[in-house]
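Hello,

Here is the structure we spoke of handing over. Notes on what was found in it follow below.

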Amino acid sequence: MKEIKVSTKEMFRGSLYTFYRDTVSIDNVETTRDVIKLNNYLGAVQVLCIDEFDRVIAVKQYRHVAKKYVMSCVGGYIELNESPLDAAVREVEEEIGGEIIDIVQVGCYWPLVAYSYEKSFHFVAKIKCELKDQNLDTFEDIEVVKISYDEFYKYVNSEQCMSLNSKLIMNYYQMFLKKLV
Amino acid sequence: MNKNFKLMCSGVIFDFYQNEIEKNGKKQKFDLIKHNGAIAVLLKDGEELIFVKQFRYPVQDEVIEILAGKIEKNETDLKEVAKRECLEELGVEIKNLNYFDTIRPSGGVCTELITIFTADVLKYTDTTNFDEFESVQMVKMTKQEIIERIRTNKIVDGKTAYAVMRYYNEGN
């Protein structure tokens with residue numbers, strides 16, 4: 001049943017997200033839906049970077065939510081006046097200093113369809129082996145990790161890695177290698 | 001949770017927390033969305049997979065998903081939650097319920113964890129018990145049908161695309 005927005009109320013505005021309580025109409029009956037929306041949100045990108053030696057170039061950073069350092073694919077938010085592809089190229093340059101040889105979009109997913117407007121565009125990029133310096137913000141602390149494809153595939157599908165985006169992108173690429181997609 | 005995070009606002013399905021971190025003389029606030037977690041079930045009936053189709057408000061469209069449900073605050077036995085959700089949402093009694101994986105859909109700020117199981121249909125019953133304003137439709141698909149939808153990016157729900165792709169990548 002279609003849910004039509006009647007009104008919206010800002011419950012709390014955070015530094016990154018805002019929490020809204022929308023009144024919605026379902027078959028002419030009103031109820032509420034709690035949703036979170038990233039401020040100035042244009043979407044996010046995730047990039048599986050594979051170098052000329054077929055190694056995955058991943059990133060390792062501390063995640064407050066997981067309370068530990070986790071390894072994942074390169075990723076970040078789309079900025080104003082950027083296309084998802086522009087953002088993917090910029091994030092590869094900033095996070096790992098990677099120079100792209102070829103890049104292709106492989107999907108677009110909603111990680112939390114029930115209550116979040118978050119949407120993630122997925123790419124696979126072939127990059128040069130030699131990496132330049134990273135270009136990070138003050139609060140970014142990102143380690144570049146070079147890892148074999150098989151090891152990274154095993155890692156993302158293990159209990160150690162819970163990142164849905166990394167799991168999605170690696171399993172899509174694995175299906176591609178197996179000629180299933 | 002990091003004790004420095006303070007509750008800023010409570011919601012129906014999540015609570016909003018925030019803390020402040022200082023680095024090199026600069027201060028920055030970080031958001032944290034606390035959610036109690038959910039279960040999801042990759043449900044099989046012979047060679048077919050069973051999905052639910054429902055309208056999702058943020059997407060503003062009907063979305064095909066594997067069956068999923070929120071874990072209530074007093075619930076600790078996730079297999080029981082999975083069995084209950086299969087019965088309540090689809091009227092399906094299940095067998096061979098096995099752990100598949102745990103995922104964090106939005107790793108940066110949201111604490112939600114989804115525990116995914118696989119299960120087989122034992123029998124279909126007439127028992128469904130939807131929450132108010134919940135309306136779900138059962139959709140069955142063959143391997144070929146669901147893979148074609150993934151290939152053409154028609155499966156927009158992340159947990160669903162992941163569970164299906166990994167299931168088939170493992171030789172099923």
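Val6(A) is partly exposed, because its relative accessible area is 44% (buried is under 20%, exposed over 50%, partly exposed in between; 1.4 Å probe, protein chains only). Val6(A) lies in strand 1 of chain A (strands, E, of at least two residues and helices, H or I, of at least four are DSSP runs, numbered from the N terminus). Beyond its neighbours within four places in sequence, Val6(A) is in contact with Thr23(A), Val24(A), Ser25(A) and Glu30(A) (contact: heavy atoms within 4.5 Å). Val24(A) is 18 residues from Val6(A) in sequence, with 5.1 Å between their C-alpha atoms.

This is a predicted model, in which local features need pLDDT of at least 70 and side-chain atom pairs pLDDT 80 or more, while totals for chains, interfaces and linings use all residues. Residues are numbered from 1 along each chain as its sequence is written, chains are lettered from A and ligands numbered from 1 in the order written, and side-chain values use heavy atoms, without hydrogens and water.

On the interface: 62 residues of chain A and 65 residues of chain B take part in the contact. About 5,700 Å² is buried between chain A and chain B, 64% of it from carbon and sulfur atoms (accessible area, 1.4 Å probe, lost on putting the two parts together, summed over both). In chain A, Val65(A), Val113(A) and Phe139(A) lose the most area to chain B, together 14% of what that side buries.

One salt bridge crosses the interface of chain A and chain B (side-chain nitrogen of Lys or Arg within 4 Å of a carboxyl oxygen of Asp or Glu). Lys167(A) pairs with Asp101(B) in a salt bridge, their closest N and O atoms 2.6 Å apart.

Regards
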